[in-house]
Amino acid sequence: MTKKTTPKKTPAMPVVYVHAKNHAPVEPGQVQALLDLGLQVYCKLDVDGAKQTLHGYDQPRALLAELHHDHPGRTVIFLRAGLQPSTALLARLGVIAKQIKQTAILTSLSNAAEFVNPFIGLRPPDTNTEYDFAGLVSLLAPGHLHALTEWPDHFAYFTTDAVKHIVAGPDEGSLLPQLALADIELVVPDQLFIHDPDNAVFKELDLKPHEHLF
């Protein structure tokens, strides 16, 4: 007698809200690229391929509540226009999120924001060779999580528990001050990187006069 096996359920893909803060408007091409990954895409503006929301990025709790109502139990991502996460990055974030014991919001290293750019202050190469920055970060990183105190507008990955906690909490504007009160960690894995094609990877550090060594 053949033993029947129960097929494993494929985890539902995250819901992605694309915003244009500090960037040009959301382009239909980016929406299509996200749809091709199997993601459900939302946007406040009317963009081909994306479902339009009632609330915007400046209303984070109300926006999360709206997305949670449409997709209960789903991971939610806030993504800045112009950035394209890979399936590998999303899969690794899913694994990391399951390993974290505390309720958390995750982000990714990126040249989209200086405070999470691991290449900041490094001398750029002398040639115009194209580099796999995500591959370099993955290869060299020890695989640690680092706490953040600045909100990552470029990419925020809300675990299902984080969504539930925030939706159930007070609606008081910015999320960052509420995280500590709700016991939610804001962390960045040091092995993940999203490349921003519209921003330089290598930048000089903006040092104060007393911080220069030479």
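Select Arg61, Leu64, Ala65 and His68 in helix H2, and then Val163, Lys164, Ile166 and Val167 in helix H5, for these two groups meet, contact being taken as heavy atoms within 4.5 Å. Sorted by class, the contact of H2 with H5 has five nonpolar, one polar and two charged residues (Ala, Val, Leu, Ile, Met, Phe, Trp, Tyr, Cys and Pro count as nonpolar, Asp, Glu, Lys and Arg as charged, and the others, Gly among them, as polar).

The model is predicted, with local features needing pLDDT of at least 70 and side-chain atom pairs counting only at pLDDT 80 or more, while totals for chains, interfaces and linings use all residues. Residues are numbered from 1 along each chain as its sequence is written, and side-chain values use heavy atoms, with hydrogens and water left out.

Next, show H2 and H5 (residues 160–168) whole: their axes come within 9 Å and cross at roughly 120° (axes are lines fitted to C-alpha atoms, for helices over the stretch in contact, and angles run from 0 to 180 degrees between N-to-C directions). Helices (H or I, at least four residues) and strands (E, at least two) are DSSP runs, numbered from the N terminus.

Now colour the open sheet, in which eight strands follow the order E3-E2-E1-E4-E8-E5-E9-E7 with mixed pairing (two strands pair if DSSP finds at least two bridges between them). At its edges, strand E3 (51–52) and strand E7 (145–147) each pair on one side only. Return to H2 (residues 60–70), which packs on this sheet, touching E1, strand E2 (40–43), E4 and strand E8 (155–158), and whose direction makes about 130° with that of E4.

Finally, select strand E1 (residues 15–19) and strand E4 (residues 76–80), which pair in the parallel sense over five bridges; here valine 16 stands opposite isoleucine 77 in E4.
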